[in-house]
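Hi,

Here is the structure I promised to pass on to you. Have a look at it first, and my notes follow below.

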Amino acid sequence: MKEQTKYRPSMGLAFNEDREMIMLREMANKGWKFYSYKYLGYKFKKGYPEDLIYSVDMHTVKKDEKEQYFNLFEDAGWAHICSIGNSIHYFSAPPDTKPIYTDRDTLSEKYKKGTRDVIKGIAVIIMILVLSSLLNIVFDRFLVNDVLSLITAIITGGSIGLLAAMIVTGIMLKIKSGKLH
Amino acid sequence: MSRNNSFTEEQLTDSSYYILLALVKPMHGYGIMQYIEELTSKETIIGPATLYTILKKMQDAEFIALGEEDNNRRKTYTITEKGKEVIKKEIHRRIRMAEHGKKALSILDGGK
């Protein structure tokens with residue numbers, strides 16, 4: 001039998017976290033189980049309908065801490081679905097499971113950690129941006145190479161777009177963590 | 001970054017207080033959650049993300065240390081000497097607070 005899958009784009013966790021968690025639950029109710037986060041969106045597999053709630057945690061978990069971290073969630077009833085890198089982790093559980101965050105202080109820290117990760121990302125992109133625009137100038141004016149000049153121009157343009165998106169995300173996360181304090 | 005990881009000069013939050021209280025006996029993560037739920041008759045519950053965040057901070061502050069792995073591959077946490085000092089101080093502070101509350105209660109009830 002051919003495996004059925006579906007894809008839904010994510011509107012960005014910083015803006016839409018609560019709504020997207022509800023969307024994942026509604027999909028599970030219809031039998032579509034979220035199993036992987038790819039290409040900035042959610043991938044679903046067809047299964048039997050089930051009522052499941054979803055949560056996402058932001059926490060940079062080092063390799064040697066992974067087992068401790070995921071065991072804790074599993075023991076509390078939260079099954080690990082997938083992670084983005086080593087800092088964003090998705091979980092699902094039956095509806096009566098207690099929430100992953102149970103106090104405001106630690107919940108606010110979740111978004112602070114998220115903000116820090118975004119700031120790191122912004123720093124990396126700025127470096128790429130500076131480098132690619134410098135190279136672009138070199139290939140455009142000095143070494144005259146159309147192909148390389150075009151490639152560096154694309155990278156420069158792409159990183160400007162990404163930079164704008166990340167700055168907005170960072171601000172949203174900052175506001176979220178502030179609201180909880 | 002250490003700004004967010006430090007416990008210095010800070011009173012323990014309710015969650016941190018109960019977690020450190022639980023660790024007067026060595027326990028693994030899930031044991032801590034269960035113990036607090038039973039102790040407080042579910043008035044205080046600790047979710048796994050809250051617990052992990054606080055355990056990490058307490059390890060950084062050297063209030064607790066990671067111990068041996070049990071047969072289920074779950075590591076136990078133990079309280080350090082520094083942690084013992086902190087929790088004792090905090091227990092006494094909270095007892096004083098409760099005593100102040102009792103005084104106020106007796107006035108409130110007496111005025112009925």
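Let me start with chain B: B:S41 sits in the loop that joins α3 (29-39) and α4 (48-60) of chain B. Helices here are DSSP runs of H or I with at least four residues, strands are runs of E with at least two, and both are numbered from the N terminus. B:S41 is not a glycine, yet its phi is positive, at about 50 degrees. With 62% relative accessibility, B:S41 counts as exposed (buried means under 20% relative accessible area, exposed over 50%, partly exposed in between, with a 1.4 Å probe and protein chains only).

B:K42 lies in the loop between α3 and α4 of chain B too. Its phi is also positive, near 65 degrees, in a residue other than glycine, and B:K42 is exposed at a relative accessible area of 59%.

A word on the basis: this is a predicted model, where local features need pLDDT of at least 70 and side-chain atom pairs count only at pLDDT 80 or more, while totals for chains, interfaces and linings use all residues. Residues are numbered from 1 along each chain as its sequence is written, chains are lettered from A and ligands numbered from 1 in the order in which they are written, and side-chain values use heavy atoms, leaving out hydrogens and water.

Now to chain A, where three strands form an open antiparallel sheet in the order β4-β6-β5. β4 (53-58) and β5 (79-84) of chain A are the edge strands with a single partner each, so one side of each has no neighbour in the sheet. Six bridges link β4(A) to β6 (residues 88-93) of chain A in the antiparallel sense (strands pair if DSSP finds at least two bridges between them). A:I53 stands opposite A:A93 in β6(A).

Best wishes
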